[in-house]
Amino acid sequence: MASLAQSTEMKITASNTHETTTSETHGDVVNAKPHFNFLGCLGMNFSISMTPLAIGTYLSLSIGTGGPPFFLYEFIFAGLGQILLCVALAEMASGLPHSSGPAYWVVVLGPKALSRPLGYIVGWLTNACWFFISCASFLFLAQLTMALVEAAEPSYNPKVWHTYLIYCAFATNGFLVNLPRVFKVISWSLSASVFIINASALFIFISLLVRAHPKQSARTVFVDVVNKTGWDSDVVVFFLSILPGAASVGGLDSALHLTDEVDRPSKQIPMVMISSALLSFFTGIPSIIIYLFCNTNPEGLLDPVGGQPIIQLFFDAYDSKALSILASTFLIMCFTIAGWAALTSWNRLYWSFSRNRGFPFSRFSAKLSSSDDLPINALYINLFLIIALGAVQLGSTTAMNALLGGASLCGKSSFGIALALLLWRGRDSLPRDRWLNLGKYGVAVDAIAILWIVWMCIWISFPLYIPVTAQSMNYASVIFVGIMVISAIYYFIRFKNFQGEQV
């Protein structure tokens, strides 16, 4: 990032005739192999949100925070906002393709005097976002597994450290499949994940519709609002319930961090971003409706087995241990691929930012493996940080919500800064021949996207329930402030005085 303060010109070229992608970053030349095709990139984006299945993990919010109607309508509302934001970001990705994403965009678009600190701040925010998403992915896998064991074997007495060990096992598995030689497993899995996730969802939905009795009424699903949050206003409750929709049509920039590993990234990456958001939105709506109709024991979701409402729903609705275990296994399998995708995306982002000395030990983490051009050194650090944070949170639901809320705040803030600078600089600062050009609609789309970001950042920082307890407290803003403090300390201790050198 040091040399980014001196020059805001960057060229990403993708050869149409050779299997290579080269990024020239202010004197630093990085040659990377195209490890991913369009389907693999789409699989990465879609598997991280995994909407048809993942939306079921938020079902406990359909009980007291507005009831089933708010759960459905909030998803539609939030999904439309996320799609508009995705279009704005996709245009940026088309005009300024770079694996650092928003961190690079703010350097190019920001005022020269502030480009370096802005790039540094946004680089930390985007990395924190994907760090938390990666941790949440593996934590959720561990919690799903523990909940399945508890439901299948009621005599089992779970311990917190059991969850942590499973968390470490899933994180290590994600690390191993990212290693050279084995890495093709991820490429194949991500290419197949779109089909695997939707096929698993199809099996679960058909079997739920057949087995679940009695089903909820249409009035319960579409009309009856239930507010047990402590907030007096139903409008406030509706807005407070935004996280499931925002997260389920989220992970918008995951494929963006693969810019160095795809052919024609200025076209393929924005195509992937928009396709994934639309796929998540249009598969999410029928998924929610089926889950809500097939919820045979709504009150059971308030205190579900292992804290996982989707597992509770399976065992209640199927009334079959074998079917419940099979559906849960499909769920865990799909979330495993999602964990791989989240770690891979963060790994590329971490490596990209390390090339500009944005983190401690950047000399080490900026190196690629000699054989496969993979950022293995950065992967070692990624695994260490994931396991370390897991030891702090030790599998609590409060920690999961804090991680997701913190990730959303960090990610949305970085997007907002980049889009605001685009409007400040002027849209003609983007290349005119970019693949995605919003033309005369661009200013309106960017402005509405910024308002959407501000609106979301406000509401996802509120607690869902009042009076607030240590358990129900929303820690997203605390995490956001913590990231800013840590990054500021490193900036003044080390990064501010770094004058730049080639990686």
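Me: How do you know that Tyr167 is buried or exposed?
Reply: Tyr167 has a relative accessible area of 1%. Buried means under 20%, exposed over 50%, and partly exposed in between, with a 1.4 Å probe and protein chains only. So Tyr167 is buried.

Me: What kind of model is this?
Reply: This is a predicted model, where local features need pLDDT of at least 70, side-chain atom pairs count only at pLDDT 80 or more, and totals for chains, interfaces and linings use all residues. Residues are numbered from 1 along each chain as its sequence is written, and side-chain values use heavy atoms, with hydrogens and water left out.

Me: What makes Tyr164 buried?
Reply: Tyr164 has a relative accessible area of 18%. The cut-off is under 20%, so Tyr164 counts as buried.

Me: Why are Tyr164 and Tyr167 called a stacked pair?
Reply: Rings of Phe, Tyr and Trp (its six-membered ring) pair if their centres lie within 6.5 Å; planes under 30 degrees apart count as stacked, over 60 as edge-to-face and the rest as tilted. Here the centres are 6.1 Å apart, with 25° between the planes.

Me: Where do Tyr164 and Tyr167 sit?
Reply: Both are in helix α7 (residues 160-176), three residues apart, which is about one helical turn. Helices are DSSP runs (H or I, at least four residues), numbered from the N terminus.

Me: How many aromatic pairs are there?
Reply: The count comes to 33. In one of them, the rings of Tyr120 and Tyr491 have centres 5.1 Å apart and planes at 55°, so this pair is tilted. Tyr120 is in helix α6 (residues 115-152) and Tyr491 in helix α19 (residues 476-493), 371 residues apart.

Me: What makes Glu91 and Arg427 a salt bridge?
Reply: A salt bridge is a side-chain nitrogen of Lys or Arg within 4 Å of a carboxyl oxygen of Asp or Glu. For Glu91 and Arg427 the N to O value is 2.5 Å, so the pair qualifies.

Me: Why does Arg427 with Asp446 count as a salt bridge?
Reply: The closest N and O atoms are 2.8 Å apart, so this pair also meets the rule. Arg427 lies in the loop between α17 and α18 and Asp446 in helix α18, so the pair ties together parts 19 residues apart in sequence. Asp446 is buried, at 0% relative accessibility.

Terms used. Helix = DSSP H or I, 4+ residues; strand = E, 2+ residues; numbered from the N terminus.
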